[in-house]
Amino acid sequence: MTDVSSEGHGPERGGGDDRGKRSVGGHGSGAGGGRGSGADGGSRAGSARVGGWTRFVTARPRLSLLVALLLTALAVVAGSGVADRLGSGGWQDPTAESTYATKALEREFPASQPNLLLLVESGSASVDDRSIAAEANRLAARLAGERGVTGVGSYWQSGSPALKAKDGHEALVTARLTGDEKTAGETLDRLASSYRGTHGPVEVKLGGPVAVQHEMQTTIREDLTRAELIALPVTLVLLVMVFGSAIAALLPLVVGIIAILGTNAVLRGLTEFTDVSVFAMNLTTALGLGLAIDYALFIVRRFREELAAGAEPLTAVGTTLRTAGRTVLFSSLTVAVSLAAMLLFPQYFLRSFAYAGIAVVLLAAAAALILLPAALVLLGDRVNSLDLRRLFRRGKPSATGGGAAWGRMASLVMRRAPIFAVATTVGLVVLGLPFLGVKFGTADDRQLPSGAESHVVQQHIRDGFPGNPGGSLEVLAEGQATETQYARYKDRIAALSEVLRVDGPLVKGDSAYFTVLPKGEAVGDGAQRLVGELRATDAPFDTSVTGTAAVLVDSKHAIADRLPWAAAFIAIVTLLLVFLLTGSVLIPIQAVLLNALSLTAMFGAVVWVFQDGHLSGLLDFTSPGSIETTLPVLMFCVAFGLSMDYGVFLLSRIKEEYDHTGDHREAVRFGLQRTGGLITAAAVILAVVMVAIGTSRVTNTKMLGLGIALAVLMDAMVVRSLLVPAVMRLTGRATWWAPGPLRRFHDRFGLSEGDAPAADAPEAAEEGDRDQDRDQDQDRDQDGERDQDGERDQDRDKAEARG
């Protein structure tokens with residue numbers, strides 16, 4: 001693990017960010033620096049640093065923490081039982097034709113939309129044996145009399161060959177559990193023990209959509225608890241390795257727990273007004289821990305640097321909030337923007353992740369910017385207490401904190417910028433090529449472990465029943481019609497090339513429905529074409545089509561229709577935020593393009609592993625041969641936001657150095673030197689949290705966790721470390737260009753880390769100068785002289801900057 005702690009005096013360039021030598025944004029003295037005199041200078045420094053926001057968050061630190069404790073306790077109470085109120089569906093477009101038809105059929109013809117299946121196994125006997133038929137009919141009659149159950153049917157009542165297995169030893173009883181997902185789940189809980197298991201000569205297993213959804217909710221809840229038990233202790237160990245101090249390591253975890261508990265309360269409140277997906281709980285845990293650790297890591301590290309430079313705790317908090325705090329604010333806004341794009345989609349599965357994501361991001365940022373500073377004021381130098389690493393370390397800790405290695409790597413990359421830029425880009429594109437073969441599908445029972453009861457039932461139906469009875473299409477006909485008109489319409493359907501069989505119509509009043517069994521797979525290309533053909537078939541009445549393939553077609557259309565708007569929203573707002581941070585026209589464009597490029601490996605791996613089934617044995621999942629339609633959108637929004645999170649950290653430091661020196665190449669080198677270890681440590685910790693989520697037994701959750709872990713690591717270790725410095729070296733000082741009107745706009749409204757001048761702090765500045773000299777001597781002793789070509793390149797850059 002990269003050490004990003006600040007021990008002794010600050011890392012790489014002396015204590016407290018070269019205070020006394022740096023002027024930020026060309027305004028007066030630097031963030032905490034300048035040269036003044038004596039106590040008055042120190043007093044003025046303290047006064048300048050303790051601005052309005054600092055006074056607000058630190059005026060009553062004990063009271064602030066007490067209020068936070070009370071609010072957290074209220075959040076625990078308000079968020080209790082939230083998992084029981086969340087749904088496991090939400091992939092359908094609520095305004096689509098298939099959704100309308102499904103609801104109408106549920107209302108008028110409940111038997112046409114069974115959501116509970118009883119798989120009746122007769123052992124070695126035939127399901128047509130008299131004793132088997134008698135027991136099955138008793139079960140069906142008993143089920144029909146249960147409260148909350150309607151539309152009960154069976155093979156023994158209808159004689160439909162679609163409800164009897166090919167080998168004659170299994171058959172189905174079908175039923176509809178009424179009400180919404182929660183009500184149907186409660187009914188299933190009440191009935192399951194009475195119907196599951198042995199009944200005389202038959203064995204009964206429960207399946208169907210409601211059983212799949214209920215089992216998925218239970219599995220996700222159990223998996224989330226296990227993921228938290230894995231992630232929390234591992235994260236604490238990693239934080240101790242990063243910070244050294246056990247006290248400092250606990251602070252990010254506290255921020256994360258507050259964010260998670262607060263978000264659970266928000267989700268619980270939202271369930272009173274709208275549907276929320278149970279999958280959003282996983283994102284709450286992952287982002288709550290991951291982003292809280294990112295933000296707290298950044299805040300605590302900067303605070304420790306200020307303490308190491310000799311600042312008083314209150315003064316150190318002021319400088320930290322003005323610098324690192326501002327970067328955290330920008331970062332949280334960019335992540336929230338990416339997640340907010342999912343609100344543009346109609347599926348509540350995607351919207352739920354926006355609800356959870358926005359809430360947890362803002363709560364994590366608020367805790368890091370309000371509660372954490374209060375805790376730091378109270379802790380002061382005790383934030384460095386309990387340095388557990390000294391048990392395993394010999395000698396005095398290095399003052400450089402490993403940053404010199406990042407600086408040398410940045411210099412190497414920039415000296416060979418064309419090679420690194422081309423090689424990295426080509427490598428990322430190649431890793432993303434499998435995504436060109438993506439096939440979209442719907443989430444089904446194969447999301448569950450192979451041994452899950454509802455998965456077993458559905459697999460038996462897929463493998464052993466004729467014509468895949470779960471893959472039929474239903475055509476709802478509304479309006480007055482004669483038997484002759486129904487018959488002619490049925491003949492038109494039967495004539496379509498992708499139709500295997502047509503059953504019906506079943507008529508009730510002015511409504512009727514036909515069941516159409518497609519050839520091939522239930523959601524294959526042929527079935528999807530058949531949906532369009534059915535909708536285009538002439539009829540003397542109003543028709544609407546539903547079924548698994550129809551839901552998929554409508555979901556794909558809804559996503560394709562809104563995807564350009566979501567992408568434009570993310571791009572425009574991100575461009576604006578990064579411009580406000582940097583004042584450059586080119587850097588925001590680079591940030592958006594390189595962030596998107598960093599996600600190629602994730603998308604390629606998702607198809608290669610989860611669609612094509614590679615590593616399915618190792619990762620213990622069943623590949624359905626497709627990717628659920630909404631998952632790529634979700635993963636893009638989350639991973640893009642997290643990539644921008646790290647991008648903001650890096651760009652803020654590069655911008656700060658460029659404002660000070662005007663030396664483009666040195667600014668890039670310095671930015672990576674100061675943030676490389678921090679970003680890598682944060683990425684590794686976040687990846688650990690996502691991998692813990694990825695241990696879920698539900699395939700979509702496994703895909704989400706492992707895919708985003710890969711994206712985060714690729715972004716931090718490849719894009720930020722290699723591609724960004726290479727591209728910025730190639731663009732040179734033009735990187736910072738902006739036309740006059742935009743420059744003036746940025747001068748008035750833009751913000752960047754450390755742009756506020758502060759009063760003098762002469763002792764810290766002189767100490768920082770001495771520490772910088774010592775650090776540079778250590779680097780020369782350990783690593784030899786710099787590469788001569790690199791020195792000449794840097795000299796030319798400095799000459800250009802001065803010229």
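Modeller: On a 1 Å grid over the protein atoms alone, a cavity is a set of points where a 1.4 Å probe fits but cannot get out, and its lining residues have an atom within 4 Å of a point. Points are joined across faces, edges and corners, and a volume is the space filled by probe spheres set on them. Rolling a probe the size of a water molecule over the atoms shows where empty space is left. Here, a search of the whole structure gives 6 cavities of 30 Å³ or more.

Colleague: Before we proceed, what kind of model is this?

Modeller: This is a predicted model, in which local features need pLDDT of at least 70, side-chain atom pairs count only at pLDDT 80 or more, and totals for chains, interfaces and linings use all residues. Residues are numbered from 1 along each chain as its sequence is written, and side-chain values use heavy atoms, with hydrogens and water left out.

Colleague: How is confidence read, and what is the average pLDDT of the protein chain?

Modeller: pLDDT is the predictor's confidence in each residue, from 0 to 100. The protein chain averages 81, and 84% of the residues score at least 70. Over residues 1-50 pLDDT stays under 50, although the model has 172 contacts (heavy atoms within 4.5 Å) for them beyond four places in sequence. Residues 796-803 also have pLDDT below 50, with 8 contacts beyond near neighbours in sequence.

Colleague: Which residues line the largest cavity?

Modeller: The largest cavity holds about 100 Å³ of space, and its lining includes I587, L594, M644, R720 and M728. Helices (H or I, at least four residues) and strands (E, at least two) are DSSP runs, numbered from the N terminus. Two or more lining residues come from each of α19 (586-598), α22 (631-661) and α24 (699-731), and α19 gives the largest share, 5 residues. Ala, Val, Leu, Ile, Met, Phe, Trp, Tyr, Cys and Pro count as nonpolar, Asp, Glu, Lys and Arg as charged, and the others, Gly among them, as polar. By these classes, the lining has 7 nonpolar, 3 polar and 1 charged residues.

Colleague: What is the volume of the second largest cavity?

Modeller: Its volume is about 80 Å³. Among its 13 lining residues, Q447, P624, S626, E628 and N700 are the closest to its centre. The largest share of this lining, 3 residues, comes from α24, and the classes are 5 nonpolar, 6 polar and 2 charged.

Colleague: Why does A367 count as buried?

Modeller: Buried means under 20% relative accessible area, exposed over 50%, partly exposed in between (1.4 Å probe, protein chains only). A367, in helix α12 (residues 348-379), counts as buried because its relative accessibility is 3%. Leaving aside neighbours within four places in sequence, A367 is in contact with V255 and L372.

Colleague: Is Q458 buried or exposed?

Modeller: Q458, in helix α15 (residues 453-464), is at 15% relative accessibility and therefore counts as buried.

Colleague: Which strands pair with β9?

Modeller: Two strands pair if DSSP finds at least two bridges between them. Strand β7 (residues 473-478) runs antiparallel to β9 and is joined to it by 6 bridges, with V475 partnered by F514. Strand β8 (residues 499-508) pairs with β9 in the antiparallel sense over 7 bridges. β8 and β9 form a hairpin with 2 residues between them, and G509 in the turn has a positive phi of about 65°. In strand β9 (residues 511-518), 7 of the 8 residues are buried.

Definitions and conventions
On a 1 Å grid over the protein atoms alone, a cavity is a set of points where a 1.4 Å probe fits but cannot get out, and a pocket is an open set with protein on both sides within 12 Å along at least five of seven lines; lining residues have an atom within 4 Å of a point.
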